[in-house]
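Hi,

Here is the structure I promised to pass on.

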Amino acid sequence: MKKLMLSVLGAVVLGFVGCGGESRTREARGPRPDFPEEAQGQRFELRLKGVNNPGYASALVQVRRISVTTVEGEALPVRLKSRQAMELTQSEHSHLMGFFLVPEGVDRVKVEVEFDDFGGYEEASGWGVIDTRVAPLRFEAPVTYLAERGHAVVHLDLGQSLQAQGESKLLLPSLDVRY
Amino acid sequence: MQRGWKAVAVATVLGVAGAAGAHEFTCEKRVQVKGEGQGKPGEAPRVTKFPATLRFHYKLKNVHPKGQSVANLVEDPLLAHHGLGSPFPTPVALGVGESRNATFELKLDTPEACLALAASDGREDESFDSALRVKWDLGETQCAARVTCCEPFVDCELTCPPDDPHCVETPKPVAPGASRHAGFFKVHEQALQQCLAPGRIDLGVARVESLEQALGLLWASPGLDRNGGVRSEEDTRRFELAREALVSTCNERLFGTSAKRSRALGEALRTLRGSSGDEGLKRLATELRRHNEAGLREPLPGGFDAGRATPAHAASIAADPTEPGRP
């Protein structure tokens with residue numbers, strides 16, 4: 001019964017997933033599964049979206065690593081999916097950073113996202129590097145929230161987060177986490 | 001069947017929470033180093049005198065257009081270890097347009113204490129990045145700030161205590177020649193093209209012959225290969241070393257050689273072209289990265305034209321030159 005309910009919940013979650021990233025159907029049929037067979041748990045997505053764009057024509061960042069742990073620090077299975085730099089000026093697009101599995105009995109997880117060292121921006125008044133050599137972005141996610149739509153979406157406020165640093169912009173994340 | 005009802009009940013609760021969770025906050029966080037002025041515009045405040053007092057300013061505002069917003073928990077986790085409880089007693093309810101301010105002061109006695117603080121944020125550098133976290137029903141808002149520690153005896157206003165015979169003041173390093181980091185070459189296609197003009201660069205994991213390949217090494221994910229497969233830990237380190245070796249080669253070719261950087265580059269290339277394990281990969285990448293960033297403040301040689309930055313185009317033509325299965 002429990003397995004049946006999880007399957008139903010999983011199907012509902014799949015119905016609600018955001019835009020962007022690879023198709024789940026294709027992944028399910030693909031030659032390389034995202035997780036080893038023995039990895040168990042409910043699968044969730046981690047996404048990134050740029051919001052409040054003050055006028056950037058382009059704002060590209062790349063993720064180096066994601067990690068998800070229990071509150072006690074036990075590492076949970078993650079699968080990085082973000083192969084290319086993410087264009088945060090695409091306001092309708094939430095980019096898939098990766099998947100993670102949460103086993104039964106875990107009610108809260110810690111999420112950490114580490115950016116690759118540099119990105120780039122373009123705006124009417126200039127162009128240059130986004131310095132993403134910053135501390136990892138961290139938040140805690142209650143599993144009940146994650147289960148609502150099957151994902152956590154980081155809304156990065158471009159107006160607040162990209163601070164002038166000479167000709168570069170320093171990424172100091174100002175964000176909302178939405179579920 | 002009982003469990004079925006439980007699931008429905010959970011779904012109902014979530015539905016209600018979703019409808020009721022119309023909280024909207026913005027927050028602002030900034031750091032001031034007392035007695036240091038505002039520093040250079042556009043740069044993070046810098047600690048140069050000790051003892052130093054950091055003053056953290058917080059502002060929390062309800063930006064929901066029609067109703068109050070309630071925060072269940074407000075914290076600055078990295079400063080909790082230094083005595084900061086919640087900057088705002090929680091739960092905190094703010095009416096339409098309402099805001100609250102708070103401050104927290106932290107004293108740092110020595111440059112070492114400042115560097116220890118910087119290391120506590122999860123990144124090995126001299127900057128301390130910390131975030132205010134505002135948690136509300138079905139979401140969280142964050143804002144971050146940075147403060148940077150000086151380097152002892154280089155830009156710290158620090159002298160040896162007269163009663164400490166073991167203290168040695170490190171002489172100021174000689175200004176290095178110009179160099180640029182990976183970010184510069186990532187967005188300046190013209191500079192990267194000039195770097196490739198003398199010929200291909202054999203990095204062991206890839207032979208870089210074209211602008212697209214060079215950009216591929218700079219823009220590709222260190223963690224995933226071009227087919228989306230996960231690189232092993234060793235492959236990721238090898239990839240990152242190859243990236244720094246490419247940047248070092250470009251610095252050498254375009255802006256002149258540096259004996260220390262040349263030596264480190266030689267060792268990195270021998271490691272990349274050999275079949276040794278991951279020993280030394282991280283150390284060499286860190287060393288090359290340091291060399292690549294050493295001359296950032298130095299002007300580029302006269303007559304050198306890097307062209308304008310074109311990150312969107314550069315990313316669009318980048319092609320990872322490394323073979324899947326190999327780093």
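Buried residues make up 40% of the 327 residues in chain B, where buried means 20 or more other C-beta atoms within 10 Å of a residue's own, exposed means 12 or fewer, partly exposed is in between, and C-beta atoms are placed from the backbone. Chain B has 10 helices and 11 strands; these are DSSP runs, H or I of at least four residues for helices and E of at least two for strands, numbered from the N terminus. Of the contacts in chain B with a separation of 6 or more, 70% are between residues 24 or more positions apart. A contact here means that the C-beta atoms of two residues, placed from the backbone, lie within 7 Å.

Some housekeeping: this is a predicted model, in which local features need pLDDT of at least 70 and side-chain atom pairs count only at pLDDT 80 or more, while totals for chains, interfaces and linings use all residues. Residues are numbered from 1 along each chain as its sequence is written, and chains are lettered from A and ligands numbered from 1 in the order in which they are written.

Staying with chain B, take a look at helix α8. Among the buried residues of α8(B) are Arg261(B), Leu265(B) and Leu272(B). Seen down the axis, the buried residues of α8(B) fall within an arc of 160 degrees, so they line one face of the helix (the arc is that of the directions from the helix axis to the C-beta atoms). They pack against α7 (233-255) and α9 (281-294) of chain B. The face turned away from that buried side carries exposed residues, including Arg263(B), Arg270(B) and Arg273(B).

Val47(B) is another one to click on. This residue sits in strand β2 (residues 46-47) of chain B and is buried, because 26 other C-beta atoms lie within 10 Å. Leaving aside neighbours within four places in sequence, its contacts include Val33(B), Leu108(B) and Cys149(B).

Most residues other than glycine have a negative phi, and most peptide bonds are trans. Phe50(B) and Pro51(B), however, are joined by a cis peptide bond with omega about -5 degrees, and Pro51(B) is in the loop between β2 and β3 (52-62) of chain B. The bond from Thr90(B) to Pro91(B) is cis as well, with omega near 0 degrees. Leu138(B) has a positive phi, near 65 degrees, and lies in the loop between β8 (127-136) and β9 of chain B.

Now for how the two chains meet. 43 residues of chain A are in contact with 40 residues of chain B. The chain A side divides into 20 nonpolar, 10 polar and 13 charged residues (Ala, Val, Leu, Ile, Met, Phe, Trp, Tyr, Cys and Pro count as nonpolar, Asp, Glu, Lys and Arg as charged, and the others, Gly among them, as polar). Strand β14 (residues 175-178) of chain A is joined by four bridges to β11(A), running antiparallel. Four bridges also join β14(A) to strand β9 (residues 139-149) of chain B, again antiparallel, with Arg178(A) opposite Gly139(B). Strands count as paired if DSSP finds at least two bridges between them.

Cheers
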